[in-house]
Amino acid sequence: MKKAYCASPLGFSEAGRLFLREKLHPAIERAGFSVIDPWTLTPEEEFSRVSSIEDHEDRKNAWRELNVVIGRNNACGIDNADIVVAVLD
């Protein structure tokens with residue numbers, strides 16, 4: 001099955017995530033693609049771990065490191081996709 005990377009800002013809010021899960025992703029799947037969701041490429045535990053760091057400088061540095069991982073995961077997702085669907089707000 002062909003793969004579609006679904007780029008969007010919708011993962012930042014609960015309403016956006018609901019729209020992705022219940023409307024957009026199913027529409028992409030009905031079009032014959034499996035969805036690569038960048039919002040799920042980096043484990044949620046990593047976000048929780050970094051968010052829980054109390055020291056401001058340590059947390060800031062951890063976010064810098066995690067941002068590189070997120071970028072790498074997303075680049076890999078795009079590279080593995082046959083198409084990119086972009087929601088432009």
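Author: A definition to start with: helices (H or I, at least four residues) and strands (E, at least two) are DSSP runs, numbered from the N terminus. Ser34 is found in strand β2 by that assignment. This is a predicted model, where local features need pLDDT of at least 70, side-chain atom pairs count only at pLDDT 80 or more, and totals for chains, interfaces and linings use all residues. Residues are numbered from 1 along each chain as its sequence is written, and side-chain values use heavy atoms, with hydrogens and water left out.

Reader: Ok. Is Ser34 buried or exposed, or partly exposed?

Author: Ser34 counts as partly exposed, at 25% relative accessibility. The cut-offs are under 20% relative accessible area for buried and over 50% for exposed, with partly exposed in between (1.4 Å probe, protein chains only).

Reader: What does Ser34 touch?

Author: Not counting residues up to four places away in sequence, Ser34 touches Met1, Lys2, Lys3 and Ala4. Contact means heavy atoms within 4.5 Å.

Reader: Zoom out. How many helices and strands in the protein chain?

Author: The protein chain has three helices and three strands. Along the sequence they follow the pattern β-α-β-α-α-β. The C-alpha trace spans about 45 × 30 × 25 Å along its principal axes.

Reader: What share of the residues in the protein chain is buried?

Author: Of the 89 residues, 27% are buried. On contacts, taking those between residues at least 6 apart in sequence, 67% join residues at least 24 apart.

Reader: Now the helices. At what angle do α2 and α3 pack?

Author: Helix α2 (residues 44–51) and helix α3 (residues 56–79) pack at about 160°, and their axes are 9 Å apart. That makes α2 roughly antiparallel to α3. Angles under 35 degrees count as roughly parallel, over 145 as roughly antiparallel, 65 to 115 as roughly perpendicular and the rest as oblique. The axes are lines fitted to C-alpha atoms, for helices over the stretch in contact, and the angles run from 0 to 180 degrees between N-to-C directions.

Reader: Which residues make the contact?

Author: From α2 there are Glu46, Phe47, Val50 and Ser51, and from α3 there are Arg59, Ala62, Trp63, Leu66 and Ile70. The residues of this contact divide into six nonpolar, one polar and two charged. In that scheme Ala, Val, Leu, Ile, Met, Phe, Trp, Tyr, Cys and Pro are nonpolar, Asp, Glu, Lys and Arg are charged, and the others, Gly among them, are polar.

Reader: How far does α3 reach?

Author: With 24 residues, α3 reaches 34 Å from its first C-alpha to its last, close to the 34 Å expected at 1.5 Å a residue. The expected span is 1.5 Å times one less than the number of residues in the helix.

Reader: Which residues of α3 are buried, and what do they pack against?

Author: Ala62, Leu66, Ile70, Asn74 and Gly77 are buried in α3. The buried residues of α3 pack against β1 (2–7), β2 (33–36) and α2.

Reader: Pick Asn74. What is Asn74 in contact with?

Author: Leaving aside neighbours within four places in sequence, Asn74 is in contact with Tyr5, Pro38 and Leu41. Its relative accessibility is 18%, so Asn74 counts as buried.

Reader: And Gly71, buried or exposed, or partly exposed?

Author: Gly71, also found in helix α3, is partly exposed, with a relative accessible area of 37%.

Reader: Last one, His25. Where is His25 found?

Author: His25 is found in helix α1 (residues 14–30). At 10% relative accessibility, His25 counts as buried. Apart from neighbours within four places in sequence, the residues in contact with His25 are Cys6, Leu20, Val35 and Asp37.
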